[in-house]
Amino acid sequence: MRVLGIDPGTKGAIAVYDGQTLEVHDIPVIKVQRGGKGRSEIDEPAFARMIDCIAKEHVTRAWIEQVGAFPTDGAVSAF
């Protein structure tokens, strides 16, 4: 049995546990310019390839963190 856990976001990670070994991989990010500011965004094609590669090894369960904002977060920092 292989279990997959995903902590989404630019500082998130993917964890894979097979009952004996735990693998942790950072979510791939790229630097982009948006509105004259540099920021990090998820490299979606690389992320999809990573998930595809992991899933080929018979993942039986997968969980993803439910993301939500705190009441004190600003609109941009919330998402």
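Is K56 buried or exposed? With a relative accessible area of 60%, K56 is exposed, where buried means under 20% relative accessible area, exposed means over 50%, and partly exposed lies in between, using a 1.4 Å probe and protein chains only.

The legends below describe a predicted model, in which local features need pLDDT of at least 70 and side-chain atom pairs count only at pLDDT 80 or more, while totals for chains, interfaces and linings use all residues. Residues are numbered from 1 along each chain as its sequence is written, and side-chain values use heavy atoms, with hydrogens and water left out.

**View 1. The whole chain and its order of elements.** The chain has two helices and six strands, and along the sequence these follow the pattern β-β-β-β-β-α-β-α; helices (H or I, at least four residues) and strands (E, at least two) are DSSP runs numbered from the N terminus. The C-alpha trace spans about 45 × 30 × 15 Å along its principal axes. The radius of gyration of the chain is 15 Å, whereas a compact globule of 79 residues would have one near 12 Å; this radius is taken over C-alpha atoms, and the globule rule is 2.2 Å times the number of residues to the power 0.38. Of the 79 residues, 20% count as buried.

**View 2. The largest nonpolar core.** Seven residues, L4, I6, I14, V16, I27, M50 and I54, make up the largest nonpolar core, a term for a set of buried Ala, Val, Leu, Ile, Met, Phe, Trp, Tyr and Cys residues joined through side-chain atoms within 4.5 Å. Strand β1 (2–7), strand β2 and helix α1 (44–55) each supply at least two residues of this core. Leaving aside residues up to four places away in sequence, I14 touches several residues, including L4, I6, I27, F47, M50 and I54, where contact means heavy atoms within 4.5 Å.

**View 3. A nonpolar patch on the surface.** Y17, L22 and V24 form a nonpolar patch with about 310 Å² of accessible area together. Patches are made of residues with over 30% relative accessible area and no salt bridge, with like charges joined within 9 Å and nonpolar side chains (Val, Leu, Ile, Met, Phe, Trp, Tyr) within 5 Å; accessible areas come from the Shrake-Rupley method with a 1.4 Å probe, and for residues only the protein chains shown count as cover. Y17 lies in strand β2 (residues 13–17) and is partly exposed, with a relative accessible area of 40%.

**View 4. Three salt bridges.** A search of the whole structure finds three salt bridges, each being a side-chain nitrogen of Lys or Arg within 4 Å of a carboxyl oxygen of Asp or Glu. The side chains of R2 and E57 meet in one of them, at 3.4 Å from N to O. Because R2 lies in strand β1 and E57 in the loop between α1 and β6 (59–64), this pair ties together parts that are 55 residues apart in sequence. R2 is buried, with a relative accessible area of 12%, whereas E57 is partly exposed at 42%. R34 pairs with E41, their closest N and O atoms being 2.9 Å apart, and K56 pairs with D52 at 3.6 Å between the closest N and O atoms.

**View 5. K31 in strand β4.** K31 lies in strand β4 (residues 29–34) and counts as exposed, at 71% relative accessibility. Apart from residues up to four places away in sequence, K31 touches R39 and S40.
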